[in-house]
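Open the model in your viewer and keep the selection panel at hand. The stops below go from a strand hairpin to the nonpolar core and then to a pocket.

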Amino acid sequence: LVQGVRYLTNPYATTRVYTSTTEDAVEASGWLVREEETFRTDAETLSPTREEGEKVGQGQVIAATYNSPGALEAVAQIQAKRLQLEQLEYALSSYLNPDAALKLDGSISDDIMALRKNLTGGDYTASSQEIKAEITAVQDEIDSLQAGLTGAANITAPRAGTYSAVCDGYESVLTPAGLGDLTPGALDKLAAGENNANVGKLIYGNTWYYAAAVTQEEAQRIAGCGSVSLRLTKGITDDIAATVHSVSPAEDGRCVVVLSCREYLAETTQLRHQTAQIVLHSYTGLRLPSVCLRQQEGGTLGVYCAQGSFSRFKPVDMVYQGDDYVLVSVPQNTDGLDTLRPGDEVIMTGVTLDGSQILTGD
């Protein structure tokens, strides 16, 4: 009923202006490529010493191996004792912090409470000596467990790199050195190689690559940008800055586009085959239907806004042309009542107003 009344009293259909962002993007399904080296050991017990995505220097230990009976259980106990030792040291340095007890195990929280009780009574010496004695006891237990381990050996990093515990067999199949030989057909038939690594791998360098087969037209558009944003569907929520590394010759209307990236290496160590959006451009402006655009006799582009019983022409600059909508901006030196703003009511009925020419619509 309201719409009917408005139609009878106002012959113009209108729409409201709002700010919007549109992207020019290419959908892709591709592979992450890195320089990687895998490691293997035949030792009975293996204890990795690095976290996923952790930086490792040349010569630093990435895993320890043992051949003594019960070594696996002893290693687990050592790791638990080391965690306890860290918490005790934290307790010693943070017992005046009221939130410290919330971050620690129950027994160590009790130590903090005892410290505070002693501090209240003015016994500063006793309060610190209690935890220091416990630290010494835990360290002695660690030393004793380590002394019982025999046949210990370390696996060290031959080069500085980033550690990953996940090996998928593509480390020797997808390499930076082989990027120039990739074709759409080769990517379609890609298969993992033999994977017998049980220690993990090191990723060398700070650059990784994303290789995907796209249509020849899409490849030309991507190559023309030089730099793009890569948006992976998994693992990373942020857009990744990428540079067009290479574009292969066309094969049956498709090309392999290779992008190089230097961000988020540690967060992508477990990713391999990924669908993604390759964002070429991003446009932001005031969005409205294409039918709203008018061009005055002097060539000025703009829209008519409903203001009460009157209409007012407001000039705009084109930012982006979509299928049935446009993004526009306000020309420089435009102010006052002539400025188009979010929330303005724009006339979209295809009629001629004040000698303007309809650009789109019937």
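Start by selecting Ala306 and Ser311: Ala306 stands opposite Ser311 in E15. This is a predicted model, in which local features need pLDDT of at least 70, side-chain atom pairs count only at pLDDT 80 or more, and totals for chains, interfaces and linings use all residues. Residues are numbered from 1 along each chain as its sequence is written, and side-chain values use heavy atoms, with hydrogens and water left out.

Strands (E, at least two residues) and helices (H or I, at least four) are DSSP runs, numbered from the N terminus; two strands pair if DSSP finds at least two bridges between them. The hairpin of E14 and E15 has 2 residues between the strands, and Gly308 in the turn has a positive phi of about 65°.

E8 and E11 run antiparallel with 8 bridges, and Ala211 sits opposite Val258 in E11. Of the 8 residues of E11, 7 are buried (under 20% relative accessible area, with exposed over 50% and partly exposed in between; 1.4 Å probe, protein chains only).

Now show the largest nonpolar core, a set of 26 residues (buried Ala, Val, Leu, Ile, Met, Phe, Trp, Tyr and Cys residues joined through side-chain atoms within 4.5 Å). Among the elements giving it two or more residues are strand E2 (18–39), helix H6 (216–225) and strand E12 (273–289). E8 supplies the largest share, 5 residues. Trp208, Tyr210 and Ile278 are among the residues with the most contacts inside this core. Centre on Ile278: beyond its neighbours within four places in sequence, its contacts (heavy atoms within 4.5 Å) include Val26, Ile222, Leu230 and Leu259.

Finish at the largest pocket, with a volume of about 250 Å³. A pocket here is an open set of points on a 1 Å grid over the protein atoms alone where a 1.4 Å probe fits, with protein on both sides within 12 Å along at least five of seven lines; lining residues have an atom within 4 Å of a point. The volume is the space filled by probe spheres set on the points. Select Ser47, Tyr66, Ile78, Arg82 and Gln146, which are among the lining residues. H2 gives the largest share of the lining, 4 residues.
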